[in-house]
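Open your viewer and get ready to select residues. This short tour has a few stops.

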Amino acid sequence: MALYQTDAPIYEALRKLRRMRVVPFDVPGHKRGRGNMELTEFLGEDCMNVDVNSMKPLDNLCHPVSVIRDAETLAAQAFHAASAFFMVGGTTSAVQSMIMYACKSGDKIIMPRNVHRSAINALILTGAVPVYVNPDVNAQLGIALGMSLAQVEQAILENPDAKAIMVNNPTYYGICSDLRRITKLAHEHNMLVLVDEAHGTHFYFGENFPVSAMDAGADITSVSMHKSGGSLTQSSFLIMGKSVNSDYMRQIINLTQTTSASYLLLSSLDISRKRLALMGRDIFAETIEMAEYARSEINSIGGYYAYSKELINGDSIFDFDVSKLSVYTLPVGLAGIEVYDYLRDEYDIQIEFGDIGNILAYISVGDRKRDIERLISALSEIKRRFGRSGADMLTQEYISPIVAETPRTAFYADKVSLPLNEASGHVCTEFVMCYPPGIPILAPGELVTKEIIEYINYAREKGCQLTGTEDINIERLNVLKQHNKE
Amino acid sequence: MELWFTERHTPNVKFSIKVDRQLYSGNSEFQRIDVFDSKEFGRFLTLDGYMMLTEKDEFIYHEMITHVPMAVHPDPKNILVIGAGDGGVIRELTRYPGVESIDLVEIDELVVEVCRKYLPSTACRLDDKRVNIYYEDGVKFIRRCENKYDIIIVDSTDPFGPGEGLFTKEFYGSCSKALRENGVMVNQHESPFYSEDAAAMQRSHKRIVDSFPISRVYQAHIPTYPSGHWLFGFASKKCHPVHDLNSAKWNMLGLKTGYYNTKLHAGAFSLPNYVEEMLRDVE
C-alpha cells in the first residue's frame with residue numbers, strides 16, 4: 001500500500017483501537033485510566049485511553065513490521081533520508097545509538113568538545129576515544145562556535161584511523177558549521193559523519209534555513225522532534241542515509257531501549273511529522289518572522305545584543321539559524337542567568353536558558369505576538385530596574401579542556417573525593433555542567449585547573465543550576481587516585 | 001420570538017439581556033465584535049462575548065476612570081489612553097480645556113471603526129484635534145515612552161485575550177517610566193466579588209504595588225459587569241488620590257456629570273472590609 005505524508009499510521013491505528021473498545025487484560029495496569037482516577041482526571045481520559053502496550057494492531061518498536069515501520073518510512077521520506085527510527089529515550093538515546101553504531105571500544109571519534117553530555121556518556125559506555133576539536137570561541141559573546149574546517153582537517157590527518165566525526169549542528173545558540181565540506185572531507189578519509197541536530201528539526205521543513213545534515217550528505221543525525229518539531233517531550237528521531245546498515249542500527253538501539261515504548265510519544269512523533277511535512281513551510285516562516293521582530297526590538301532597547309547572521313565568518317560560523325533568539329546580556333551589567341531568573345521571578349516569563357553571558361528564548365509557532373511583546377518589555381524593564389555598569393563581568397564562557405584520560409578510563413578508575421576548591425591539578429572523573437545547556441564544563445578524564453574552579457564558583461554564585469557530580473551539592477569533586485599533583 | 005444575549009459571569013452564574021436586534025457581528029485579527037440593541041440597556045458592545053459597554057451604564061465607568069485622576073493631578077496636559085477603542089474615555093477627556101494632547105492606543109482598529117458607526121454616543125469625540133490614534137499593542141507602544149505623560153488611563157478588557165499584556169508587571173513598569181514625576185496611572189482593576197475575578201484583581205494589584213510608590217483602589221457600581229461591584233486602580237509616584245484632590249478647582253470647571261462628584265471621589269476610596277483584606281494580602 002502506498003504511503004503519503006498525509007498518513008499517520010500509528011495515530012490512525014490508535015484511533016481504530018479506541019473505537020474497538022477492546023477489553024484490556026494486559027499492561028498497563030491502570031486499564032485505560034479506570035484504575036487511577038486521580039491521574040486520569042489530571043491528564044484526561046483521552047490521554048489515558050491511548051496509553052497502551054505493544055500489541056498486534058499497534059506493532060512493536062523493538063521489531064517494527066507494520067504501522068511503526070510505515071510511520072518510520074514516512075519519517076525517513078520527510079527527512080530526506082533512507083531510514084528513520086522513532087526514539088522514546090530523548091535525543092540522548094539517539095546520540096548514544098549513533099556513536100555506539102560507529103565506534104567500538106578503543107575506536108577514535110573526532111568531536112567538538114562542546115558536545116552535549118549524552119555524547120560523552122556514549123564514550124563512557126562504548127570505550128571509544130575522543131579526539132577533541134576545540135571549537136572557535138567568539139571572544140565578545142563568550143560562546144563556543146562551530147568547528148573550523150582547518151581544525152577538522154588537522155584532526156583527520158593526525159588521526160587517520162578515526163572511525164567517525166561528530167558535528168554539533170546547529171549549536172544551542174543557532175551557530176552552524178560548514179557541514180557540506182566537513183562531510184566531504186570526512187568521507188574522503190572513510191569516516192562516518194554523525195550530526196547532533198537536536199536543535200535543527202526545522203531545517204528539514206522551513207525555507208531559508210542552514211543546510212540540514214541529510215542534505216549535506218551526513219550519514220546519521222539525531223533530531224529532537226520535541227524541540228522545534230512540536231512532539232511530546234522525550235520523543236525524538238534517529239535519521240540515517242543509505243550508507244548505514246539500518247538493521248544493525250536497530251540492534252544497537254535495542255541494547256538500551258525500553259521494551260515498553262510509550263504510544264503517547266510514538267503517536268506524537270507520527271502526528272508532528274505529518275504536520276511539519278504538510279505545513280512546515282508556513283509554520284517556520286511565522287516562527288522566523290517572530291524571532292526577527294523580537295531581535296530588532298530587543299536590539300533597539302540598547303545594551304542587549306540579539307545576534308544573527310552578521311556573525312557569519314565563512315568558517316566556524318558558517319551559517320546562523322535565525323529562528324533562535326539568543327541575546328548577549330553583559331552590556332546591561334547582568335549575567336544571562338540573572339536575566340533568566342528576573343524574567344521568571346519578576347515577570348512570570350520562563351525562557352530556555354541563561355548562561356554567563358547570554359540568554360536563549362525559544363521561539364516556536366506556539367508563540368503569540370503579544371507574548372513576544374511581553375518578553376521584549378520585560379527585558380526593557382529588567383535593564384531599567386536592575387541594569388548595572390557592564391564592568392567586572394566574567395566573559396570567558398568556554399574553557400579549552402586538557403584531556404588526561406579517556407572518559408571511560410577516568411569514570412571507572414579508582415577515585416577520591418576532594419573539596420572542589422582543592423581539586424586543581426587533579427584529573428576529574430565525573431561531569432560538571434550547567435543545565436541547560438548541558439554542555440560539560442568538566443568531563444571525566446579532564447584536568448581540573450584554577451580557571452575552571454573559578455568559573456564553576458562564578459556560575460554557582462550567579463545562580464546557574466549545576467549538575468553532574470556524585471556530590472549532589474557540587475561542593476566535592478571525584479578525581480583520579482593515582483594522579484600526581486602537577 | 002425571544003432573543004437573549006447571555007454572558008457567563010462564572011461557570012455557575014449567567015447574566016442575560018433580552019436583545020431587540022443584532023446590528024453588527026464581525027471578526028477582527030484579534031477578537032469577535034458584536035453590537036446589539038436592547039430595550040433595557042439600549043445599544044451594547046461585546047468583545048468575544050464579554051460585555052464591554054451599554055448605553056445605559058457606560059457613563060459610570062467612563063466618568064470614574066477619567067475624572068478621578070483628572071481631579072487629582074495639578075495640571076494634566078498630556079494624556080495617554082490605552083484600550084478604549086469605544087471612545088468613552090476620550091469623550092470625557094476632551095471636555096477639559098487644559099488638556100493639550102491625548103494619545104489613544106488601541107490594538108484593534110476594527111473596534112474603533114465599529115464604534116464610530118454604531119456607538120456615536122461614546123465615539124463622538126474621536127475626531128477632536130487633540131486626539132492621536134495609534135493602532136498597536138499597548139505593551140509595545142509604552143515601551144518606548146519616557147517621562148512623557150501626566151496621566152495614563154488603562155481602559156483594558158479582561159486579563160485574558162488581547163488585553164492580557166495590560167495586566168503585567170512589565171507593562172506597569174513601562175507606565176511608570178512613561179509618566180512624569182507627578183504623573184498618575186489609572187486602570188480598570190476587575191471585580192473583587194467572584195473568586196476568579198478576585199484572584200485576577202489581586203494579581204494585578206500586587207504588580208502595581210511593586211511598580212509604584214502610591215497605589216490605591218477605588219470602586220464604582222456598574223450594573224452590567226460581573227457582580228456589578230467594580231474596582232479601579234490609582235497609582236502614582238507622588239499624588240495621593242484623596243489628599244491631593246482639588247475639589248474647588250474641579251468644581252469650577254462646571255462639568256456636568258451623571259455619576260462622579262468630588263464628594264463621591266473621596267468616598268470611592270473607602271472600600272468594604274473584605275476588599276481591603278484582599279488588597280492587604282498582596283501589599
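Start with strand β3 of chain B. In this predicted model, Y24(B) has V35(B) of β3(B) as its bridge partner. Select those two residues and show their side chains.

Now widen the selection. Pick residues 13-27 of chain B for strand β2, and residues 32-38 for strand β3. The two strands pair in the antiparallel sense. Count the bridges between them: there are 7. How many residues lie between β2(B) and β3(B) in their hairpin? There are 4.

Select I33(B), then look across to β4(B): L47(B) stands opposite.

While the side chains are shown, keep one rule in mind. In a regular strand, side chains alternate between the two faces of the sheet.

Next, move to chain A. Select helix α12, residues 336-347, and helix α13, residues 369-386. How are two packed helices described? By the angle between their axes and the distance between the axes. Here the angle is about 105°, and the axes are 10 Å apart. Angles of 65 to 115 degrees count as roughly perpendicular, so α12(A) and α13(A) are roughly perpendicular to each other.

Now color the contact. On α12(A), select V339(A), Y342(A), L343(A) and Y347(A). On α13(A), select A378(A), I382(A) and F386(A).

Key
Residues numbered from 1 in each chain as written. Chains lettered and ligands numbered in written order. Predicted model: local features only at pLDDT ≥ 70, side-chain atom pairs only at ≥ 80, totals over all residues. Axes fitted to C-alpha atoms, helices over the stretch in contact; angles between N-to-C directions. Parallel < 35°, antiparallel > 145°, perpendicular 65-115°, else oblique. Contact = placed C-beta atoms within 7 Å. Pairing = 2+ DSSP bridges.
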